[in-house]
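Here is a briefing on a ligand site and the sheet beside it in the listing. Please look at the contacts first, then at the strands.

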Amino acid sequence: MDIKKQLNDVRNQALKELDDIKENTDIERWRVRYMGKKSQLAEIMRGLSDVPIEMRKTIGATSNAMKAELETALIAKEQEIKNLELAKSAEDAIDVTLPGRIQHQGHIHPVTQAIEEICGIFEGLGFQIVEGNEVEWDHYNFDALNIPKEHPARDTMDTFWMKGGSKPETDWKMLLRTHTSPMQARTMESTPLPIRIVVPGRVYRYEATDATHLAMFTQIEGLAVDEGITFADLKGTLNEFVKRFYGPDRKVRFRTDFFPFVEPGAEIAVSCAICGGEGCRVCGNSGWIEISGCGMVHPSVLEMAGIDSTKYSGFAFGLGIERIPMLRYGIEDVRNYYSGDLRFLRQF
Ligand code: PHE
């Protein structure tokens with residue numbers, strides 16, 4: 001058979017196979033097959049001894065050129081595979097130049113923020129922070145606050161009663177406190193005078209919820225008892241609070257109001273920040289927003305706690321907390337606070 005043709009066939013076959021190779025392991029197999037000691041090429045070369053010398057020369061040259069050609073093709077192929085592998089590993093790798101993913105961090109709930117800020121202001125005015133129980137005896141929630149059993153004021157605070165909760169040897173019944181005021185009675189009963197406390201905490205009312213009402217909400221109670229405390233102290237304290245919390249431009253309005261545990265009683269309103277007192281949706285067109293009930297501690301309440309009402313007097317107030325950030329930020333629905341919607345909460 002024509003050796004030149006044979007060589008050419010081997011070359012074509014080798015280059016074609018090399019072209020199809022996509023992985024390193026196949027390259028190795030290809031090298032053994034076409035360039036190793038047992039390759040067809042080596043076989044042909046060994047058979048050259050039978051060929052006349054003149055012809056042997058030209059065939060030797062051809063086969064050397066062919067060997068060189070295959071080697072060059074092999075190097076090119078190896079480089080190609082290397083590039084492919086690099087590109088592939090780059091696909092799986094982390095691109096350190098990409099911006100990081102945002103890790104959302106929890107933060108303090110707007111109502112808690114308000115509690116901390118308000119308590120901080122009262123602390124600065126000399127008040128101590130105490131906390132009470134959310135589950136309370138009706139004795140402290142009502143009776144000790146001058147709201148006896150058949151008093152109509154019990155009905156104005158729709159109460160969650162605890163099933164079967166009663167105190168042995170008393171007629172006390174357990175409830176979820178409807179306001180933070182029971183801590184007035186408890187503190188007066190157990191703490192030496194003078195008293196200056198604020199009590200932040202959750203309170204509960206058996207009410208339908210809407211944009212301005214919740215069955216669970218937050219109050220901060222304030223109480224000061226000492227010799228010679230007057231209504232002027234109450235006004236001065238709350239004026240100072242409003243000024244520090246809302247800024248110097250807001251007006252404070254005191255109007256008479258009734259609560260069984262204070263006498264005289266008042267309601268505090270702050271001029272509406274949203275309309276500047278002109279009247280708008282948020283303030284119900286009145287220009288004012290009520291933030292608190294307050295008054296001078298009723299002498300009967302002092303006496304029930306064992307305090308001599310001829311010698312001592314006190315003032316008390318109860319701030320509704322949810323409203324306070326509502327006014328500041330123009331939040332229109334109180335239910336947003338506890339809906340668990342992070343789109344709302346992350347704004348604060
Ligand atoms: N406890 C009253 C309420 O929840 C508010 C209040 C507190 C009024 C202290 C007077 C004095 O409505």
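The side chain of Arg205 places an N or O atom 3.0 Å from an oxygen atom of the ligand, a polar contact (a pair of N or O atoms within 3.5 Å). The model is predicted: local features need pLDDT of at least 70, side-chain atom pairs count only at pLDDT 80 or more, and totals for chains, interfaces and linings use all residues. Residues are numbered from 1 along each chain as its sequence is written, and side-chain values use heavy atoms, with hydrogens and water left out.

**Ligand contacts**
- In the side chain of Gln219, an N or O atom is 2.9 Å from an oxygen atom of the ligand.
- A polar side-chain atom of His179 lies 2.9 Å from a ligand nitrogen atom.
- The protein buries 93% of the 320 Å² that the ligand exposes when taken alone (Shrake-Rupley method, 1.4 Å probe).

**Shell around the ligand**
- The ligand is surrounded by 15 residues, each with a heavy atom within 4 Å of it.
- Among the closest are Ser181 and Gly318.
- β10 gives the most to this shell, with three residues; strands are DSSP runs of E with at least two residues, numbered from the N terminus.

**Sheet**
- Seven strands form an open sheet of mixed pairing, in the order β1-β5-β6-β10-β9-β8-β7; two strands pair if DSSP finds at least two bridges between them.
- The edge strands, β1 (128–129) and β7 (252–257), each pair on one side only.
- β6 and β10 run antiparallel and are joined by nine bridges.
- Glu221 has Gly318 in β10 as its bridge partner.

Notes: A polar contact is a pair of N or O atoms within 3.5 Å; within protein, one must be able to donate a hydrogen and the other to accept it, and residues adjacent in sequence count only if both atoms are side-chain atoms. Helices (H or I, at least four residues) and strands (E, at least two) are DSSP runs, numbered from the N terminus.
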